[in-house]
Amino acid sequence: MPLIEISHLNKIYELGENKVNALNDINLNVEEHEFVAIIGPSGSGKSTLMNIIGCLDIATSGSYRLNGTEINDYDDNALSAVRNKTIGFIFQKFNLLSKLNALENVELPLVYQGAGSKERRERAIEALKTVGLENRMRHTPAELSGGQQQRVAIARALVTNPPLILADEPTGNLDSNTGSEILTMLKELNARGSTVLLITHDNTVASQAKRIVRIKDGCIDSDEEANP
Amino acid sequence: MKFTQAIKMALMSILSNRMRSFLTMLGIVIGISSVITLIGLGDGTRQTITSSIEGMGTNLLSVSLTGNKAKSLTDTELKTLRSYSSVKGVAPIITGTATAKSGTDSYSTSVEGSVPEYSSVRNINVAIGRFITQDDVDNRYRVIDVGVEVLQNIYPDMKVSEYETLIGKTISLNGSSFEIVGILESKGTSILGSSDNRVIMPQTTAERFLQSKNVKTYYIEAKSSDDVTQATNDLNTFFTQKYDGDTDQYRVMSQSELLSTSSQTLSTLTMMLAGIAAISLIVGGIGIMNIMLVSVTERTREIGIRKAIGAKRQDIMLQFLIEAVVVSCIGGLVGLALGAGLSLMVPMIITGLNVSLSPNVMLMAFAFSAAVGIVFGIYPAGKASKLKPIDALSYE
């Protein structure tokens with residue numbers, strides 16, 4: 001069973017009188033343990049696709065099955081639960097809560113799972129160790145560099161052990177050195193068994209993945225193994 | 001999400017915006033403290049008045065002859081009144097004012113002319129000396145029982161322990177001299193006025209002294225408090241007969257009636273004052289709602305992040321609602337403390353005013369402040385919880 005199973009998926013935005021077909025008949029399967037890059041220029045619909053895969057938005061029509069369950073019928077709360085347990089998000093803008101320190105940020109998904117404070121602490125520390133930030137746990141995002149902030153975000157994505165890691169332009173706000181560090185980290189995560197979905201507009205970033213899906217004008221343009 | 005965690009989050013957010021939280025609370029603080037103080041003042045006043053009315057005797061009834069046909073009751077009529085089984089005593093009373101002189105200073109005092117029964121009917125006790133006697137009344141003796149305040153005015157330098165020596169001395173009222181035969185027990189001062197600034201003299205003496213032949217007021221003491229209703233009925237029957245059913249000619253009032261009327265009036269007044277103060281609570285609540293709405297807009301991105309990583313609607317709802325409730329509850333507690341402090345200070349500044357703080361009122365005020373938080377927090381919290389994560393995340 002594929003982890004992600006998308007068939008005949010459409011997304012139509014209504015902007016006043018106009019209807020915009022952001023996604024047009026998308027068919028995409030992603031198996032477990034894959035490392036897939038979705039690449040496309042801005043306006044291609046890749047962000048819309050990423051929002052739907054990330055359960056942040058639902059499709060207008062078609063089917064999206066994640067981990068075997070149909071997502072399109074879910075309500076707001078059920079989507080929250082799916083995001084919480086099944087998906088680890090890494091955003092371009094890091095999206096850490098500025099008033100919480102690194103540890104508290106990483107703990108947050110576990111808070112919404114209702115985990116006890118001791119368990120949260122242990123698992124968050126574990127995740128921060130994985131990204132090499134065990135010495136920066138008490139720092140707030142403002143006291144961390146961009147690369148460190150993104151590593152905190154990765155730790156936050158890891159802490160619930162989700163089957164799917166969704167990285168939306170994770171290197172977009174970083175210089176190339178830090179960016180490649182982050183990519184190496186994603187590769188390591190994939191090597192340890194996580195399914196990683198990387199959304200980017202950058203060919204060099206995408207080339208780090210094992211499989212590259214090109215998207216253009218709301219349609220899948222090409223879907224091929226990356227050249228090693 | 002666990003409830004304790006939600007409270008922790010709310011407290012963190014309140015503390016991270018101290019100035020704003022403080023200003024938001026201020027409305028509630030002012031509202032609660034004024035409600036507490038005003039209710040305390042109202043209750044205190046009611047208690048003072050109630051106890052001073054009760055001090056006059058709970059079995060007391062009064063008859064006022066109000067009509068133009070009104071004439072003093074004859075001795076036979078008084079006898080009839082006294083013969084009722086529900087009536088223990090009847091005391092006619094003439095009142096007026098007189099000027100007491102001492103040296104060059106003069107003081108105004110009230111004069112009451114009555115009979116020996118007045119003492120038991122009105123619950124008036126003599127501290128030193130004796131009350132006026134039937135003999136005084138029959139012979140129109142110029143004797144008086146004096147209230148403490150009159151003595152304090154006339155002899156400001158004299159100690160209370162030396163008042164004994166005044167028995168048998170004379171004082172001058174409106175230029176005529178009266179012999180002091182007794183000194184009245186102090187009844188204290190209330191906002192109704194002082195009951196100690198008075199002299200009591202025989203009815204017959206007063207008729208002459210005040211140049212008033214007509215007694216218009218009679219105090220009647222019922223046998224017991226259970227007999228008050230019977231006595232009221234008996235009196236009504238008597239006077240209806242006397243005036244051929246013309247009820248405008250007289251008015252029978254029982255003390256308990258007076259008590260409940262005044263108590264009711266004051267309660268209404270208190271509630272009105274508290275109601276006005278409660279308006280400021282509502283204004284405070286609107287302040288909370290306003291700030292919460294701003295806060296929701298400001299924190300749209302935070303809400304988006306929280307939702308993206310798994311916060312459910314009720315989690316966000318709870319977080320913002322608890323924030324509003326915690327702000328209003330802290331405001332309520334501070335308001336309680338401030339209100340209690342003010343209530344304790346008022347009697348120190350204004351004498352004669354009593355304040356009564358009841359735990360019930362304080363509990364209710366606190367509950368009300370929490371309710372304000374819920375009522376005015378629910379809309380902003382709902383608004384926050386309904387934000388779509390995708391819109392909230394892209395919010396700049």
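Let's start inside chain A: helix H3(A) and helix H5 (residues 146-158) of chain A pack at an angle of about 30°, with their axes 7 Å apart. That angle makes H3(A) roughly parallel to H5(A). Angles under 35 degrees count as roughly parallel, over 145 as roughly antiparallel, 65 to 115 as roughly perpendicular, and the rest as oblique. The axes are lines fitted to C-alpha atoms, for helices over the stretch in contact, and the angles run from 0 to 180 degrees between N-to-C directions. Helices (H or I, at least four residues) are DSSP runs numbered from the N terminus, as are strands (E, at least two).

H3(A) passes H5(A) in a right-handed crossing; a crossing is right-handed if the near helix is turned clockwise from the far one by less than a right angle, and left-handed if anticlockwise. On the H3(A) side the contact is made by Ala102(A), Asn105(A), Val106(A), Leu108(A) and Pro109(A), and on the H5(A) side by Val152(A), Ala155(A) and Arg156(A). Residues are in contact here if their C-beta atoms, placed from the backbone, lie within 7 Å. This group divides into six nonpolar, one polar and one charged. Ala, Val, Leu, Ile, Met, Phe, Trp, Tyr, Cys and Pro count as nonpolar, Asp, Glu, Lys and Arg as charged, and the others, Gly among them, as polar.

A word on what you're looking at: this is a predicted model, where local features need pLDDT of at least 70 and side-chain atom pairs count only at pLDDT 80 or more, while totals for chains, interfaces and linings use all residues. Residues are numbered from 1 along each chain as its sequence is written, with chains lettered from A and ligands numbered from 1 in the order in which they are written.

| Helix pair | Angle | Axis distance |
|---|---|---|
| H5(A) and H6(A) (176-191) | about 15° | 10 Å |
| H2(B) (18-55) and H11(B) (313-349) | about 40° | 6 Å |

H5(A) and H6(A) are therefore roughly parallel to each other, and their crossing is right-handed. Gly146(A), Gly147(A), Gln150(A) and Ile154(A) of H5(A) meet Thr178(A), Glu181(A), Ile182(A) and Met185(A) of H6(A). That contact has three nonpolar, four polar and one charged residues.

Over in chain B, H2(B) passes H11(B) in a right-handed crossing. Their contact has 14 nonpolar, twelve polar and no charged residues. Chain B is assigned domain 1 (3-52 + 261-394) and domain 2 (71-215), with bounds that come from an automatic or database domain assignment. Taken over C-alpha atoms, the centres of these two domains of chain B are 55 Å apart.

How do the chains meet? 19 residues of chain A are in contact with 18 residues of chain B. Helices H2 (76-86) and H3 (102-113) of chain A each supply at least two residues of the side that touches chain B, and H2(A) gives the most, with six residues. That side of chain A has eight nonpolar, six polar and five charged residues.

Finally, confidence. The model scores ipTM 0.93 and pTM 0.74. Chain B averages a pLDDT of 87, and 96% of the residues score at least 70; pLDDT is the predictor's confidence in each residue, from 0 to 100.

Definitions and conventions
Two residues are in contact if their C-beta atoms, placed from the backbone, lie within 7 Å.
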